Each structure stands twice: as structure tokens, then as C-alpha cells.
Amino acid sequence: MPEIPELEAMTQVLNRRAAGQTIVSAQVRIPLVVRRPAKDEFVETLTGNRLLTSRRHGKYMLLRLESGHVLAVHLMLTGRLQLAPPTEPMPKRTSWLLTLENDAELRYFDQKLDGKTYLVREDELSLIPRFDQMGPDVLAPELTFDVFRQRIRRYPGQIKRTLVNEAFVAGIGNAYADEILFEARVYPFNKTRDLSEEQLRAVYEAVGRVYAWAIPIVAERMGETIDEKVRDFLKVHRKGGEPCPNCGARITEVTPNKRITSYCRTCQPGGFATA
Ligand SMILES: [Zn+2]
């Protein structure tokens, strides 16, 4: 699943190359992904509209439009956006596409078709299921350590599961949760209620450090190719069996609840890895 660094890189590219462009035509090829409104209204609202700047909120990309609407895109596991010339072959399962006045096409494709697109007015984002239940965005300035510490008290379960819970804070995915806990030297299966003040602070500070490190790397590596996912530079996530970059011990990889968790038993000591 694309996570914050990929979404931030995509936002930068869209703002550089698509913002200000009028949408000459819109097409829905696979309506399943367009959750709201119906296909005809989706096409009608977008055609002749103009893209303004985009932003990210949690795992949503929010593409603002001149009419006051927002095209809200959640890529889920396999959704991707692509900006391509019309001559470039259409990826499999292209669900919708917008032709821009500069001739580029903004395409959404999705192998599993489990992503979601909504077109709503800017003041109606609450019509998107669970949008209002999201906690503060993980990179929002209002998420101070005090706010983080107060919110985490409501989630006494495992720290990794809490970090990826959008109701706690929005935007942390499975891969970067591993990186954050490695950076903080905290065992992923510790209960949040068992963490010391010092450990909570370490997790909070690791959040900022990990994204500040990863976002420019991903932006540079993706370049203009926004449908790619760059992960090979990560330190622990999916590096099971490889040496820990900190201590050299082998990185452990377990799959509780069908989601991979990678960590170093030496740097992140804790109990047995049970879900
Ligand atoms: Zn280690």
C-alpha cells in the first residue's frame, strides 16, 4: 500500500504538473472504484472543471477543483495514479481517467479494484465513510507530544496496532510503523499501557524523524513516475533474515493477523512475538 512518503511525492508531482489544468474530458471505465456520485454525475462534474492544488490527509489524496469539489482518492493496497501522455498504453484495470488541457492523462488503475474515489464538495468530506472518525494527520503540527500521549491512552493494545489505527492518528501504514518502532527501539507487540514515558516520547520523535528521512528519498526516486512504490531503502520492514543496520543481528519477521511485522530482537527487546 502506498504510504505517506509515496502520497507526499505524488502530491508534489500533481501540484507541479496538473494543478491549474482544465479537465477536457473524464471517463469512468470501471465504476466499482467510484463510490460517489454515480458515474454520469462524476463525469459531468469533472468535465470542464479545473484542477487546483492537491493535498494529503491521512491516506487520502485530496485533489481540489475550481467548482469547490474535491476528488478524494484512497489507493488502498493496489490503487495507483499515473500522469501519462495519451500515447502511453493504458495500464490494466484503469478505472477512471481525466484528460487535461496539456494533453496529459491522469489515470487511476487498481489491480484488486479495492481503492475508492469520491467526488464531494469541500465542505462535505464527512460524506466519505469514516473520514470524520480519523484522528489528526500524523504530520499535522497540532499533533504535539502532549496530544499524542493523551490520545494513546484510549488505545491500550499493542503499540504497532495502535500506530496503524487511523482513529488514533491518520496516515501511518504497516511498513512505516515498523520503521518508526525500529527507530524508537520499541518492541512492536508491547502494550501501549506498558510503555514508559521515555518510550512514548521515543516513538513520537521517531515518527517525525522517519518521515523527514523517507519523504525526500521517495520523492527523488519516484521522480515523475508516481505509480511506483519505493521501499528497498527501508531499514527493517520486509528485511527479515538480513542483518540489522544498527547491531548486525538478524532481523525477525512475523506475520500476525496476516500483516508482516519486521523488527530486531536485540534493538527492540520484548516478550514473545504473539499477536
Ligand atoms: Zn539490531
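I began from the rule that a residue is buried if 20 or more other C-beta atoms lie within 10 Å of its own. I applied this rule to a predicted model.

**Entry 1: helix H5**

I looked up helix H5, residues 174–184, and found it mostly covered, with 10 of its 11 residues buried. I noted Tyr 176, Ile 180, Leu 181 and Phe 182 among the buried residues, and also the charged residues Asp 178, Glu 179 and Glu 183. I then asked which elements the buried residues of H5 pack against. I listed helix H1 (4–17), helix H4 (159–163), helix H6 (197–222) and strand S11 (261–263). After H5 I came to Arg 185, whose phi is positive, near 60 degrees.

**Entry 2: Leu 106**

I located Leu 106 in strand S8, residues 105–110. I recorded Leu 106 as buried because it has 23 C-beta neighbours inside 10 Å, where 20 or more are required. Setting aside neighbours within four places in sequence, I found Leu 106 in contact with Ala 18, Leu 81, Leu 83, Leu 97, Leu 98 and Leu 100. I also checked Glu 41, 65 residues from Leu 106 along the chain, and read a C-alpha separation of 18 Å.

**Entry 3: the two domains**

I noted a division into domain 1 (4–127) and domain 2 (145–263), with C-alpha centres 28 Å apart. I found 15 residues of domain 1 in contact with 14 residues of domain 2. On the side of domain 1 that touches domain 2, H1 and strand S6 (79–84) each supply at least two residues. H1 gives the most to that side, with eight residues. I classed the residues of that side as seven nonpolar, four polar and four charged.

Terms used. Residues numbered from 1 in each chain as written. Predicted model: local features only at pLDDT ≥ 70, side-chain atom pairs only at ≥ 80, totals over all residues. Buried ≥ 20, exposed ≤ 12 C-beta atoms within 10 Å, placed from the backbone. Helix = DSSP H or I, 4+ residues; strand = E, 2+ residues; numbered from the N terminus. Contact = placed C-beta atoms within 7 Å. Domains from an automatic or database assignment.
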